[in-house]
Amino acid sequence: MEQSKEVYKKEYRKVKVKTTDGDIITGKVNIGLKTRVADLFTRTDDPFVVLSDASHEGGPKRVLFVNKDHILWVEPQED
């Protein structure tokens, strides 16, 4: 069963995320077919958000899965 490519559109946006334990993570989120970064956090039922090229405290870049319940704020970054 082949899925439409539109369902899996890649549209990355840079973000800065602050978690409940005080960590600040920078990375990219794929907003896909959504029009805003905020839609990824408010209009989906997924409990996790995936950050690619993510780093915190100057560590190496990697992929992180962050539980939305542990996010205080998200700030979109300029390219």
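Two strands pair if DSSP finds at least two bridges between them. F48 stands opposite N67 in β4. Strands here are DSSP runs of E with at least two residues, and helices are runs of H or I with at least four, numbered from the N terminus. This is a predicted model, where local features need pLDDT of at least 70, side-chain atom pairs count only at pLDDT 80 or more, and totals for chains, interfaces and linings use all residues. Residues are numbered from 1 along each chain as its sequence is written, and side-chain values use heavy atoms, leaving out hydrogens and water.

**The β3–β4 hairpin**
- β3 and β4 pair in the antiparallel sense, over five bridges.
- Six residues lie between the two strands of this hairpin.
- In the hairpin, E57 takes a positive phi near 55 degrees.

- Contact means heavy atoms within 4.5 Å.
- Beyond neighbours within four places in sequence, V49 is in contact with residues including V29, F41, V66 and I71.

**Surface patch**
- F48, V50, V63 and F65 form a nonpolar patch on the surface, with about 400 Å² of accessible area together.
- Patch members have over 30% relative accessible area and no salt bridge; like charges are joined within 9 Å, nonpolar side chains (Val, Leu, Ile, Met, Phe, Trp, Tyr) within 5 Å.
- Areas come from the Shrake-Rupley method with a 1.4 Å probe, and for residues only the protein chains shown count as cover.
- β3 (48–55) and β4 (62–67) each supply at least two patch residues.
- V50, in strand β3, has 39% relative accessibility, so it counts as partly exposed; buried means under 20%, exposed over 50%, and partly exposed in between.

**Salt bridges**
- There are four salt bridges, each a side-chain nitrogen of Lys or Arg within 4 Å of a carboxyl oxygen of Asp or Glu.
- D53 bridges to K28, with the closest N and O atoms 3.4 Å apart.
- That pair links distant parts of the chain, from strand β3 to strand β2, 25 residues apart.
- R36 and D39 meet at 2.8 Å, N to O.
- Shared partners join R36, D39 and R43 into one network.
- D39 lies in helix α1 (residues 37–42) and is buried, at 7% relative accessible area.
- E11 and R13 form a salt bridge at 2.7 Å, N to O.

Terms used:
Buried < 20%, exposed > 50% of the residue type's maximum accessible area, 1.4 Å probe, protein only.
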